[in-house]
Amino acid sequence: MRADPTDYKLVSPGSLQGVLSLLSAEPKRWLPIAGGTDVMVLYSAGKLPNRNLVNLWNVPELRQLEVFPDRIRIGATCTYSSLRNHAIVSREFPLLATAASWTGGIANQNRGTLGGNIANASPAADSLPALLVYDAELTLVSLRGERRVPYREFHTGYKKTVLAPDELIRDISLPRRFSGYVTYTRKVGARNAQAISKVCLAALGRIANGVIQDVHLALGSVAPIPLRLTETEQLLIAKKIHSSLFGTVRRTLIQEIRPIDDIRSTARYRTAVAGNLVVEFLGKLTAESARS
Amino acid sequence: MNPSHEARATSTVSFAVNGELRNVRVHPMERLLDVLRNELGLTGAKEGCGEGECGSCSVLMDGLLVNSCLVPVAQADGSNVVTIEGIAARSLLHPLQQAFLESGGAQCGICTPGMILAAVHLLEKKPQPTPAEIREGLAGNLCRCTGYTQIFEAVAKAVQPRVAR
């Protein structure tokens, strides 16, 4: 049933301090809303449990994308359009720029925000594996102060995070140390435009003298949370890439992921595709490293 | 004020619509789409899916294409909104509208306002788009009649300089 707007309240403090004051005074009462691409879908369907919303769209402190010598700091309400059109993001963080271009159509990219995607915590979100492989760090703020949390520790279970009820994601920092890496990302869905992934891999790596020096792998839609493949990475470090390795890679990966059958795919298909994508990435890593 | 009474309170939202300043007395969580259609009588934006998938409610907000079904009207306060009704210059159709007419880019017409606004947005960002860029620019707009070929042709036609036609 369609929601009745008179049952809901939406306030616009217009500053970060104002938003945090509300969250601090009544921590469980307020649901932050930025571009509305998740919240308004639930609202329109009459399925939004929260009746009190606080507007982040007009909070300038959350909109900035700052470039420092060693990192970039992305304000939580930077939109997908602003990310994919940003020169440094496109050049140094192509996995994030590409994922931004996959997230909905242009209208949703103009409204959907990176912080919103993180807080919504869908394991199928396409930008989240990219944040995992780039070693993103989140700044969480409340009136109590701020704390930094490695993004890989943010999700604790399906739609569960370490964010306290009075806290807000303020920004996402990415270290600028991956420019020499070979990157790979591929989303497998029912079609290219506007389809939610069945499996999505973001990967980057570096080879010297034919040996893997560093490799980061993260998958979406194969577990209750966006998943960094720590054990598969450990297996690959200091190895030479050869097809004889691929069987072990697939077996290790299967131990790490926890895919399910749902409306979009099956656990069996996801497992097979996840292995294929990692093997395809290793092929690209070999080919591009040989060329350079 | 108790919470339920508070929630029922309306507020005034002021924004420019097609170049004209409008003040509307609304509930902050009303959808921009409903305010445009019901309060301002601008029925060009259509409700298709109501969940941001189909693009038939597309409008421009501060020059950016948005799905008006996903915008609480309070977030439009102080903004500049353009709907399909504001695209033509009086009786002179916008080049994209003319191209849609000439190419048969509209069948039932439900998707057409959103398609045209998505194309306006695209050509403002990329005045000479490739065919792939046209498809991407319109990827968030669905046509239930599946007349995509004529729609893409219409956009390509509008890109060509008027003098060359």
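**Exercise 1. Find the residues with the most contacts inside the largest nonpolar core.**

Start with the term: a nonpolar core is a set of buried Ala, Val, Leu, Ile, Met, Phe, Trp, Tyr and Cys residues joined through C-beta atoms within 7 Å. Buried means 20 or more other C-beta atoms within 10 Å of the residue's own, with C-beta atoms placed from the backbone. The largest such core has 130 residues, and A:Leu96, A:Val133 and A:Tyr134 have the most contacts inside it.

This is a predicted model, so to speak: local features need pLDDT of at least 70 and side-chain atom pairs 80 or more, while totals for chains, interfaces and linings use all residues. Residues are numbered from 1 along each chain as its sequence is written, with chains lettered from A and ligands numbered from 1 in the order written.

**Exercise 2. List what A:Leu96 touches.**

Leave out residues up to four places away in sequence, and you get A:Leu83, A:Val89, A:Ser127, A:Ala130 and A:Tyr134. Touching, or contact, means C-beta atoms, placed from the backbone, within 7 Å.

**Exercise 3. Describe how domain 2 of chain A meets domain 3 of chain A.**

First, grab the bounds: domain 2 is 60–175 and domain 3 is 182–291, taken from an automatic or database domain assignment. Next, count: 20 residues of domain 2 of chain A contact 23 of domain 3 of chain A. Last, sort the domain 2 side that touches domain 3: 13 nonpolar, five polar and two charged residues. Here Ala, Val, Leu, Ile, Met, Phe, Trp, Tyr, Cys and Pro count as nonpolar, Asp, Glu, Lys and Arg as charged, and the others, Gly among them, as polar.

**Exercise 4. Count the contacts between the chains.**

It's 28 residues of chain B against 24 of chain A.

Methods
A residue is buried if 20 or more other C-beta atoms lie within 10 Å of its own, exposed if 12 or fewer, and partly exposed in between; C-beta atoms are placed from the backbone. Two residues are in contact if their C-beta atoms, placed from the backbone, lie within 7 Å.
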